[in-house]
Each structure stands twice: as structure tokens, then as C-alpha cells.
Amino acid sequence: MDSKKLVELAVEAMGRAYAPYSGYKVGAALLTAGGKVYLGCNIENAAYSPSNCAERTAFFKAVSEGERDFVAIAVVGGKDGVMEGVFPPCGVCRQVMREFCKPKTFKVILGKPDGFEEYTLDEMLPHSFGL
Ligand code: THU
């Protein structure tokens, strides 16, 4: 699957975001080595801290279904679901990616209104911690 298609799927996932508190809607599309795509959106909560980011929703869905081998993730987001530029993953989500992905080869694709930017996880999270 190409990056453009993965970004389109992330946009679809963004449409399912539950973000009544911040208003920021985020979508992610996670591609496995087997070619399956797991979608995720952010899910907020009135108590704030139980909120979950779109990227982690996608990872936790996939890992809990037995997936362990990942190729790329596309992420999009914006206020009220309107993209104004890239919406880069937070540090916690980058560390979750680091747990399951090879930093040198896993691709983080950041969608924006006029296309996308592509980085390796190593570029997004240099000198990362893992066991
Ligand atoms: N958010 C994500 O879904 N992914 C990120 O990597 C950054 C932040 C969500 C969390 C919250 O629901 C909203 O964006 C504003 O922080």
C-alpha cells in the first residue's frame, strides 16, 4: 500500500475521533507487514487523563489482535478535523511505536493538506530507549 492511500485511511479514521474537550480530531492508519491496516482515532474523556491518542488506539487494536510486525503509520489531525499542516505524534506515542517497530525502517507518514511528509521512527525519536 502506498503512503497516499494510507493517509486517506487516516483521514477516514479522523472522522471517528471522539474529541469533545479539546476539539482536536486525530486519525491514524497502521500498516502491518502482512498488508492489513488498523485504524485509530483519539478518544477523550471527561476526566481527561483516560484519553487515548489516535496512534496508540491503532497500535493497541493491532497488538491485541496478535499483530507484531509493522511497516508504517499515517497520522493526520487538526482542530475540528480541519488539517492545517502536519500533526506529529506525541512523545508517548513515539515510545509505543519504539516498542514494536524497527527505528531505522518503520515509517511515520504525516499527512497535510497538500500531501504528506515521511520520516523514519529513528528520525522522530532519536537516541531512543528500548530493551
Ligand atoms: N492526540 C493524538 O491523538 N495524537 C497525538 O500524537 C497527539 C495528541 C490527541 C490527544 C487529544 O485528544 C488531542 O489530540 C489534543 O491533544
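What does the side chain of Glu 117 meet in a salt bridge? Lys 112, at 2.9 Å from N to O. Lys 112 also counts as partly exposed, at 24% relative accessibility.

Before I go on, a word on what you're looking at. This is a predicted model, where local features need pLDDT of at least 70 and side-chain atom pairs count only at pLDDT 80 or more, while totals for chains, interfaces and linings use all residues. Residues are numbered from 1 along each chain as its sequence is written, and side-chain values use heavy atoms, with hydrogens and water left out.

Back to the salt bridges, then. There are five in the structure, and the term stands for a side-chain nitrogen of Lys or Arg within 4 Å of a carboxyl oxygen of Asp or Glu. One of them joins Asp 122 and Lys 104, with the closest N and O atoms 3.2 Å apart. Asp 122 sits in helix H4 and Lys 104 in the loop between H3 and E4, so this pair ties together parts 18 residues apart in sequence. Those labels come from DSSP runs, numbered from the N terminus: helices are H or I with at least four residues, strands are E with at least two. Asp 122 is partly exposed at 23%, whereas Lys 104, at 64% relative accessibility, counts as exposed. Another salt bridge brings the side chains of Arg 16 and Glu 12 together, at 3.0 Å from N to O. Glu 12 is partly exposed, at 42% relative accessibility.

Now let's go inside. In soluble globular proteins, nonpolar side chains tend to be buried together. When I say nonpolar core, I mean a set of buried Ala, Val, Leu, Ile, Met, Phe, Trp, Tyr and Cys residues joined through side-chain atoms within 4.5 Å. The largest one here has 21 residues, and those touching the most other members are Leu 30, Phe 59, Phe 70, Ile 73, Met 97, Phe 106 and Val 108. Which elements give two or more residues to this core? They are strand E1 (24-32), helix H2 (54-64), strand E3 (70-79), helix H3 (91-100), strand E4 (107-112) and helix H4 (121-124). H2 contributes the most, with five residues. Apart from this core there's another one, of 13 residues, including Leu 6, Ala 29, Leu 31 and Leu 39.

Have a look at Phe 70. Leaving out residues up to four places away in sequence, its contacts (heavy atoms within 4.5 Å) include Leu 30, Phe 59, Val 63, Phe 100 and Phe 106.

Among the buried ones are Ala 54, Glu 55, Arg 56 and Phe 59. The cover over these buried residues includes E1, E2, E3 and H3. After H2 comes Gly 66, with a positive phi near 100°.

On to the cysteines. Is Cys 101 buried or exposed? Buried, with a relative accessible area of 6%. Cys 53 is partly exposed at 23%, and you'll find it in the loop between strand E2 (37-41) and H2. Setting aside neighbours within four places in sequence, Cys 53 is in contact with Cys 41, Asn 42, Cys 90 and Cys 93.

Let me finish with helix H1, where Ser 3 lies. Ser 3 counts as buried, at 10% relative accessibility. Not counting residues up to four places away in sequence, Ser 3 touches Lys 107, Ile 109, Phe 116 and Glu 118. And in the loop between helix H1 (3-14) and E1 there's Tyr 21, partly exposed with a relative accessible area of 41%.

How values were computed: Buried means under 20% relative accessible area, exposed over 50%, partly exposed in between (1.4 Å probe, protein chains only).
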